[in-house]
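Here is a short report for a reader new to this structure. Take a look at the model before reading on.

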Amino acid sequence: MEMILNLSMKKRSKHQIPGNDEYRADDSSMTVANGRPSGLAGVSSRKSCRNFGGFSILDIAELGMMTALLEAGKHALDFLPNVELVALLLIIFTLHFGLKTIAVALAFTAIETAFFGFQTWVIMYLYIWPALVIIVWLNRRKTSVWFFSILSGLYGLFFGAFCSIPYLFIGGINMAFTWWVAGIPYDIVHCIANFALCLALFKPLNHAMNYILKITSR
Amino acid sequence: MKKSTRVLSGIALMAAMIALFALVYSKFGPKSDEGSKTYTLEVVDDTGSTASYSGRTDAESLSGIMDELVAEGNFTYDGSDSEYGLFISTVNGITADYDNDGAYWSIMVNGEYGQYGADSQPVSDGDDFELVYEKAQ
């Protein structure tokens with residue numbers, strides 16, 4: 001197991017982001033254009049790991065820890081409506097672990113469903129968090145904290161609009177529109193909170209993640 | 001484009017979107033503070049003096065309006081459940097004791113005696129209600 005871990009970490013440490021002294025997770029295709037990695041996150045770097053449906057043992061361990069962090073972050077701020085760390089953590093995870101963060105988002109939804117039962121919001125969660133992961137992944141080469149803060153803010157602002165999609169099928173456009181409009185004050189709070197949290201915590205969390213990945217690569 | 005310009009543009013975009021959403025909410029959002037039906041309620045006490053209330057409500061029954069007025073703080077009432085529904089005994093601190101002197105609170109709806117108790121008296125747009133302290137002859 002130690003040999004596998006070392007192999008994985010060595011591979012990861014090769015991919016240093018230009019202009020950034022710290023390390024980020026590599027991508028699964030391991031194609032490097034202009035010194036920057038591209039493609040899906042960390043599968044080929046774990047070729048020698050046992051595979052469980054495409055995920056190595058290390059992947060599963062990492063996914064578990066990320067899901068635990070999401071849950072802890074979610075429940076730590078439960079007392080503040082629409083103030084949450086989930087979006088910020090998913091952004092950070094996606095930048096470091098790529099598209100496999102979608103599995104984290106789905107696991108998070110499954111745990112929330114176990115907590116609160118199956119309701120309409122479960123359908124929303126099944127696409128809204130993976131959508132954030134994909135949006136961030138498409139912008140993974142951006143490094144500006146301002147970019148991700150604004151992205152996180154806009155995501156919060158449009159959260160209700162995205163969530164209203166199932167109501168298009170349940171009650172038509174009028175129901176979806178009414179549902180969305182009724183929640184706009186919460187979306188605005190969500191927007192401002194996401195922006196502020198990302199602006200304040202993106203750098204420390206990113207630094208911490210880089211540090212963890214760096215020391216575990218030794 | 002300079003980085004600072006891009007950042008300011010992004011923040012301006014977000015602020016503009018917030019303003020737009022707020023505008024949509026103010027235009028199409030729920031108007032929970034305003035009910036869909038207008039009403040007046042007049043209380044005529046044992047001395048013949050009156051207290052008038054009016055407003056908008058979504059209440060289904062007269063007792064719903066009375067509860068809203070109680071919540072606003074300038075109206076009080078007390079009563080008990082009976083086989084005919086809510087039996088009002090006290091309004092604004094004045095108790096009608098039928099057993100003692102035949103006094104009771106009557107409900108008038110648009111100038112006529114109401115046919116229901118306060119908790120089952122329906123509310124329609126523009127209704128004029130009265131709670132009148134009366135004595136049996």
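## Where the chains meet

In this predicted model, 13 residues of chain B are in contact with 13 residues of chain A. The side of chain B that touches chain A is made up of 11 nonpolar residues and two polar ones, with no charged residue.

## The sheet of chain B

Chain B has an open sheet of five strands. Their order is S2-S1-S8-S6-S7, and the pairing is mixed. Strands S2 (50-57) and S7 (112-113) of chain B stand at the edges. Each has a single partner strand, so one side of each is left without a neighbour in the sheet.

Strand S1 (residues 37-44) of chain B runs antiparallel to S2(B), and eight bridges join the two. B:Val44 has B:Thr50 of S2(B) as its bridge partner. Helix H2 (residues 62-72) of chain B packs on the sheet. This helix touches S1, S2, S6 (103-109) and S8 (127-135) of chain B. The direction of the helix makes about 105° with that of S2(B).

## Two asparagines with positive phi

A:Asn82 is not a glycine, yet its phi is positive, near 65°. A:Asn82 lies in the loop between helix H2 (57-76) and helix H3 (86-97) of chain A. It counts as partly exposed because it has 19 C-beta neighbours inside 10 Å, while a buried residue needs 20 or more.

B:Asn92, also not a glycine, has a positive phi of about 50°. The loop that holds B:Asn92 is between strand S4 (85-91) and strand S5 (94-95) of chain B. With 13 C-beta neighbours inside 10 Å, B:Asn92 counts as partly exposed; an exposed residue has 12 or fewer.

Note on methods. Residues are numbered from 1 along each chain as its sequence is written. Chains are lettered from A and ligands numbered from 1 in the order in which they are written. This is a predicted model: local features need pLDDT of at least 70, side-chain atom pairs count only at pLDDT 80 or more; totals for chains, interfaces and linings use all residues. Two residues are in contact if their C-beta atoms, placed from the backbone, lie within 7 Å. Ala, Val, Leu, Ile, Met, Phe, Trp, Tyr, Cys and Pro count as nonpolar, Asp, Glu, Lys and Arg as charged, and the others, Gly among them, as polar. Two strands pair if DSSP finds at least two bridges between them. Helices (H or I, at least four residues) and strands (E, at least two) are DSSP runs, numbered from the N terminus. Axes are lines fitted to C-alpha atoms, for helices over the stretch in contact, and angles run from 0 to 180 degrees between N-to-C directions.
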